[in-house]
Structure formats: structure tokens, C-alpha cells
Amino acid sequence: MNKHDSEKIAGILQDSGFQYEKDLSNADIIIFNTCTVRESADGRLFGQLGNIKRLKEEKPDLIVAIGGCLAQSYGGKLLFQFPQLDIVFGTHNINRFSYLLNERIKSGNKVFELKSEDNYDVSCLPTLREKPFLAWVSIMRGCNNFCSYCIVPYVRGKQWSRSAYEIIEEVKNLTLDGVIEITLLGQNVNSYGKDLNDEMNFPQLLEKLSQISKLKRIRFITSHPKDFDNETVKVVAESEILCNHFHFPLQSGSNKVLQDMNRRYTKEQYLKLIDEIYRMIPDASITTDIIVGFPTETEEDFLETLDVVEKAKFDSAFTFIYSPRSGTKAIGFKDISSNEEKMNRFSRLVDKQTNISQMKNNYLIGKNLDILVEDFSKKDKKMLMGRTKTNKIVNFKGDSNLIGKIVNVKIILAKAHYLIGELKIN
Ligand code: SAH
Ligand code: SF4
């Protein structure tokens with residue numbers, strides 16, 4: 001969601017005649033679009049602001065702005081804490097960025113705006129997309145779930161679904177602009193439409209979008225186990241262009257911890273949903289998010305998490321150590337494990353998941369898979385990089401004119417986090 005918001009901010013600036021500048025020391029405006037989900041994100045920003053202070057001393061006309069979730073959470077006090085900042089704007093003020101920038105340029109004063117109304121729409125704003133053939137499409141904003149560890153509902157507001165008609169029109173227009181793959185975005189896509197009257201639900205929206213001609217792939221993140229239903233799996237199973245990848249955050253495998261987290265599903269319900277996905281789509285890939293060291297987590301609770309990891313056979317997992325966030329319910333929970341215990345659990349989890357990821361990728365060796373070629377490989381600029389429908393990264397040798405195209409490759413080598421393929425010449 002933050003990346004998508006950044007594309008909007010860049011689009012606004014491009015529309016006002018600015019150009020993207022890679023080298024910070026040559027830039028006239030520097031904007032930080034921030035995350036505050038974990039403390040480490042805050043720390044990284046504060047480090048960056050230190051570097052910017054030096055740049056600003058050398059170039060006093062430089063304008064430094066900060067937006068996104070951290071700006072929403074800390075508010076105007078950032079301007080006092082960091083004198084190098086010129087503009088602070090909240091998560092609901094992106095559509096006002098052009099105005100705020102003009103204010104700063106005209107008046108020379110520092111500018112600050114945090115609106116807290118929940119309904120705001122950025123979809124009509126210009127977008128500077130990184131790749132002409134890929135696009136994010138936000139189908140909803142905010143979140144009503146209030147998982148006890150999570151700051152998102154406080155900084156992004158209540159759930160607010162966009163109208164299905166608008167989403168479909170946006171996607172049609174994107175295809176006219178050359179987009180062949182879209183990723184639908186929402187904190188909990190399965191509750192799409194529940195805040196609207198007479199709207200489509202999520203599987204119905206997927207079905208409608210899958211009928212748009214010229215569109216080759218549709219992805220969606222994030223699925224929430226409490227609202228996930230078999231209807232969504234059925235629609236994905238029946239469509240050629242709906243990608244067979246589900247990002248399905250587990251968070252914990254212990255029923256006690258899940259309850260303390262306010263996730264509203266049990267380990268058994270979660271595993272049943274996974275079984276159903278694999279039953280209806282045997283080659284589906286399932287990825288997850290897991291938090292280790294939640295304040296009430298014991299060693300036995302952690303073993304329950306390892307048990308789910310073993311049974312669910314995730315393709316990959318984002319693993320996090322619990323980070324206390326001010327204002328959330330869990331901040332009041334007594335922490336029963338030491339940092340050492342948490343680190344130990346974390347590395348056991350990562351080791352287990354890495355072995356499973358490797359095993360699942362080994363199974364793909366020798367298979368021919370369609371990949372959408374996105375770019376040169378980050379690891380080796382002589383190679384290209386693309387993604388399978390299951391969202392696996394494949395690196396292979398090929399000509400740069402393949403970027404933006406779907407090609408068929410044979411998988412010849414598997415690593416835990418990526419695959420190596422060979423282009424099939426038809
Ligand atoms: N809406 C998505 C997730 C958004 S945040 C969902 O419900 O799945 C992305 C991930 O960050 C979460 O899935 C969770 O695993 C992690 N996360 C959120 N708050 C955290 C915290 N306080 N400490 C550690 N990890 C956290
Ligand atoms: Fe945070 Fe839970 Fe909402 Fe995801 S569903 S954004 S983890 S509160």
C-alpha cells in the first residue's frame with residue numbers, strides 16, 4: 001500500500017513538472033513515505049533524517065517532506081524534533097500534497113496537515129508506475145480488525161471499500177495503457193464490500209475483473225483467514241488469469257496467542273482452509289506472515305506455530321519478532337519471554353521454513369512454467385527476472401526485449417528463495 005501511495009505522490013510531482021532524481025544530492029525535493037508497523041521502520045527513518053540534515057546544511061533551498069504512517073502517528077511534533085523537515089502530511093492527505101508543496105514554496109513556512117476523515121480517494125490522482133505493464137489497484141483502504149499488536153487501524157483509519165464500478169473502470173483504463181498484470185490491494189481483501197450496501201463481495205469482484213480483455217494476470221493481497229471463504233478459492237480455480245497464489249497470514253499457531261492477538265480464527269480453522277486451497281488448487285502457492293515473541297507466547301505456544309508451519313507447507317514466510325507499538329492493546333500485555341528466547345525461536349522458525357521453501361522449490365525442477373518478465377535480475381544483471389503465477393521469482397538468460405512479456409521457461413535449479421530457468425524456444 002505504501003509503495004502504491006509513493007507512485008501517487010511521484011505522479012503528482014511529475015504532473016507539476018518535476019522529474020525523478022536518483023541521486024539525493026541533486027534533488028530539490030526529498031519525500032519520505034513512511035511505514036511504522038514495526039519499530040525498526042521508525043529507526044531507519046530517523047537514521048535517514050540524520051543524513052538529510054547534512055544535505056540541507058549544504059543546500060538550504062532543499063525541501064524535505066514526510067508522509068505515510070509514521071507521519072500520521074507522530075504528527076506535527078516531527079517538525080520540532082527534526083528542524084530539517086519542511087512538510088509533514090498524513091496518510092489521508094496525499095491528494096493535498098501539491099497544495100502543501102505550493103504553500104511551502106510560496107510562504108517559506110513549514111507546513112503540516114493531518115486530516116483524519118476516513119473516506120478519501122486517491123484513485124483519481126496521477127500515478128508514476130515503475131513498470132508500464134504492472135499496476136497496483138487499491139480496492140479498499142484502512143482496516144477494522146484491530147489485531148492487538150497492530151498499529152495499522154490507528155494510522156490508516158476505518159475500512160473503506162471503493163465502489164466495484166470504479167475499480168472495474170480503473171482496471172479497464174489500465175489495460176488500455178498497456179498494463180497486463182494488476183495486484184489488488186487491501187489490508188483484508190476478503191472483507192471487501194462489507195462496509196457498503198448492495199456491493200459485490202470479493203469473489204464476485206474477482207470474477208468480474210477476470211473477464212476484462214487484455215488483462216493477463218490478477219493478484220491480490222492480503223487474505224485474512226477470518227473472512228476467507230471457499231468461494232474465493234473456487235473463482236481462482238476456475239479462472240486462467242487469477243493467480244494461484246494466496247498470501248495468508250498465520251501470525252501464530254497457538255489458539256491462546258491467536259485469541260490474545262484478536263485474530264478471530266483457530267489453528268484448526270486455519271489448517272482446514274489451507275487443506276481446502278490445496279484440494280481445489282493442488283499447484284497453489286501459499287505464503288504467510290508470522291510473529292514470534294508475542295508477549296503471551298510460551299515455548300509450547302511457539303511449538304504450535306512450528307507445527308502449523310510443518311503441516312501447511314508454506315512456499316515462503318515473512319517472519320517478524322514482535323515489536324511493541326504505542327497505542328495498541330498488546331502494549332499493556334506482560335512480556336513473558338526474554339530477548340534471547342525470542343531470537344532463538346526466530347532462528348528455529350526461519351530454519352524450518354527455509355527447508356520447506358527449498359523442498360517446495362525442488363519439486364519444480366524440470367517443470368515448464370509461464371513467467372511474466374519484469375526486469376534484469378538484481379543478483380546478476382546479465383540475467384532477466386520474472387515471476388510465475390504462483391509469485392516465485394525465476395532468473396534466466398534472455399534478451400531484454402522480453403521484459404513485459406510472458407514467456408515459458410524450464411526450471412533447471414531451485415534455491416529456497418528463487419529459481420533458475422532456461423528459456424524455451426518455440
Ligand atoms: N493486513 C495484513 C497485514 C498488514 S501488516 C494482515 O492482517 O495480514 C504486515 C505484517 O506485519 C502482519 O501480517 C504482521 O505479521 C506484521 N506485524 C504487524 N504488526 C506487528 C508488530 N507490532 N510486531 C511485529 N510484526 C507486526
Ligand atoms: Fe493489522 Fe490485523 Fe488489520 Fe492486518 S488485519 S492490518 S494485522 S489490524
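Is Phe-220 buried or exposed at 2% relative accessibility? Phe-220 counts as buried, because buried means under 20% relative accessible area. This is a predicted model.

- An open sheet is formed by 4 strands, in the order β1-β2-β3-β4.
- The pairing in this sheet is parallel.
- Strands β1 (29–34) and β4 (111–113) are the edge strands, and each pairs on one side only.
- From one strand to the next, the twist averages 10°.
- Strands of a sheet pair through backbone hydrogen bonds, either parallel or antiparallel.
- Strand β2 (residues 63–67) and strand β3 (residues 87–89) run parallel and are joined by 2 bridges.
- Ile-66 has Val-88, in β3, as its bridge partner.

**Helices on the sheet**

- Helix α1 (residues 2–15) packs on the sheet and touches β1 and β3.
- The direction of α1 makes about 155° with that of β1.
- Helix α2 (residues 39–58) also packs on the sheet, where it touches β1 and β2.
- The direction of α2 makes about 170° with that of β1.

**Aromatic pairs**

- The count of aromatic pairs comes to 14.
- One of them joins Phe-220 and Phe-246 edge-to-face, at 6.0 Å centre to centre and with 75° between the planes.
- Phe-220 lies in strand β9 (residues 217–221) and Phe-246 in strand β10 (residues 245–247), so this pair ties together parts that are 26 residues apart in sequence.
- Phe-246 is buried, with a relative accessible area of 0%.
- Tyr-270 and Phe-314 form another edge-to-face pair, with 6.3 Å centre to centre and 65° between the planes.
- Tyr-270 sits in helix α11 (residues 267–280), while Phe-314 is in the loop between α12 (299–312) and β12 (316–321).
- The Tyr-270 and Phe-314 pair therefore ties together parts that are 44 residues apart in sequence.
- Tyr-270 counts as buried at 0% relative accessibility.
- Phe-314 counts as buried too, at 0% relative accessibility.

**One aromatic cluster**

- Both pairs described above belong to one aromatic cluster, whose members include Phe-220, Phe-246, Tyr-270 and Phe-314.
- Phe-202, Phe-228, Phe-248 and Tyr-265 are also in this cluster.

**A charge over a ring**

- The charged end of Lys-367 sits over the ring of Tyr-363.
- That charged end is 4.2 Å from the centre of the Tyr-363 ring.

Terms used. Residues are numbered from 1 along each chain as its sequence is written. Chains are lettered from A and ligands numbered from 1 in the order in which they are written. This is a predicted model: local features need pLDDT of at least 70, side-chain atom pairs count only at pLDDT 80 or more; totals for chains, interfaces and linings use all residues. Side-chain values use heavy atoms; hydrogens and water are left out. Two strands pair if DSSP finds at least two bridges between them. Axes are lines fitted to C-alpha atoms, for helices over the stretch in contact, and angles run from 0 to 180 degrees between N-to-C directions. Contact means heavy atoms within 4.5 Å. Rings of Phe, Tyr and Trp (its six-membered ring) pair if their centres lie within 6.5 Å; planes under 30 degrees apart count as stacked, over 60 as edge-to-face and the rest as tilted. Buried means under 20% relative accessible area, exposed over 50%, partly exposed in between (1.4 Å probe, protein chains only). A charge sits over a ring if NZ of Lys or CZ of Arg is within 6 Å of the ring centre and within 35 degrees of the ring normal.
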